[in-house]
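Please walk me through this structure, starting with the chain as a whole and then moving to its strands, helices and core.

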Amino acid sequence: MKKFAVLFGIFVLPLMFYIFLSTGDYQSSSLPVLTKNVKNIEELKGNTEGVSYRRKFTVLTFLGTDYAQIQASVFNLNQTIYKRYNQKMSGGKYLFQVVAVYPKGNEAVVEKVKKELGTFSNTERWYFIPASSNEIDELFTSLDSPYSLDENYFTKYAFIIGQKGKLRGRTDDEDYYDQRLYGYDMTSVAELKDKMIDDINILFYKWSKITMKKKKENDKS
């Protein structure tokens, strides 16, 4: 059964997802790089699981310490984004993950969040990483966005990080400053559905296209 799941992830799922995305308006689209050098989350001391941007599409969030703020944002992200993409695989390995960074000492609130999220979905690809205030500041600053963290080290924005650790977003969004969309407002289900889903789909389409091209080349050799 495990071997079948791996083979399914390598061959069948990329093709199915490629066909699905090909029906959308993604073929001529691209998702610009807004910041090239986002701090590597592998450098966070609390990252004991070795979570990495490499070969993953990552949604990065900053939880803060206020449960009410988390409820009003992260649960929308889980229902709208995480549940849609958490099964995407390649070569038997998952391609999608959500990384939630939070201040050390806030474990009780995080455990409550985990428990509640677990009632709605499998949270295996939700990664909660504790960090010092300096580490959080450095990571957030490295995004080079126009947003800021509040006094609880929380922001309502979620960020898309590509497989090479670069911040991806939009440069033609009329709703945002200078038309540049750096992060997606988790308190707005409409923004998650209308913008974040489209933008993640673009990344998956490009990945699927490259995967199918490599497979064809391998079949010819």
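Of the 221 residues of the protein, 49% count as buried, where buried means under 20% relative accessible area, exposed means over 50%, and partly exposed lies in between (1.4 Å probe, protein chains only). This is a predicted model, in which local features need pLDDT of at least 70 and side-chain atom pairs count only at pLDDT 80 or more, while totals for chains, interfaces and linings use all residues. Residues are numbered from 1 along each chain as its sequence is written, and side-chain values use heavy atoms, with hydrogens and water left out.

The secondary structure comes to six helices and nine strands; these are DSSP runs numbered from the N terminus, helices being H or I with at least four residues and strands being E with at least two. Among the contacts with a separation of 6 or more, 77% are between residues 24 or more positions apart, a contact being heavy atoms within 4.5 Å.

Strand β2 (57-62) is mostly covered, with six of its six residues buried. On one side are F57, V59 and T61, and on the other T58, L60 and F62. Strands β2 and β5 run parallel and are joined by six bridges; two strands pair if DSSP finds at least two bridges between them. With β7 the direction is antiparallel, and three bridges join that strand to β2. T58 takes part on both sides: this residue stands opposite Q97 in β5, and its bridge partner in β7 is I161.

Strand β5 is also joined to β6 by six bridges, and these two run parallel. Between them the chain crosses through helix α4 (residues 107-118), and this β-α-β crossover is right-handed, which means that, with the strands pointing away from the viewer, the path from the first strand over the helix to the second runs clockwise. Six of the six residues of β6 are buried, so this strand is largely enclosed by the rest of the structure. W126, F128 and P130 point one way from β6, and Y127, I129 and A131 point the other way.

Helix α5 (residues 133-142) has the buried residues E135, I136, L139, F140 and S142. Seen down the axis of α5, they fall within an arc of 160°, so they line one face of the helix; the arc is that of the directions from the helix axis to the C-beta atoms. An α-helix has 3.6 residues a turn, so residues three or four places apart point the same way. The buried residues of α5 pack against β1, β2, β5, β6 and β7, while the face turned away carries the exposed residues N134 and T141. Just after α5, D144 takes a positive phi of about 55°.

The largest nonpolar core has 61 residues, of which L60, F62, L77 and M196 touch the most other members. Helix α6 gives the most to this core, with eight residues. Such a core is a set of buried Ala, Val, Leu, Ile, Met, Phe, Trp, Tyr and Cys residues joined through side-chain atoms within 4.5 Å. The residues that L77 touches include V59, W126 and M196.

N78 lies in helix α3 (residues 74-85) and counts as buried because its relative accessibility is 0%. Its contacts beyond four places in sequence include L117, F120 and W126. D198, in helix α6 (residues 189-220), is partly exposed, with a relative accessible area of 30%. D198 and L31 are 167 residues apart in sequence and 9.7 Å apart in space, C-alpha to C-alpha.
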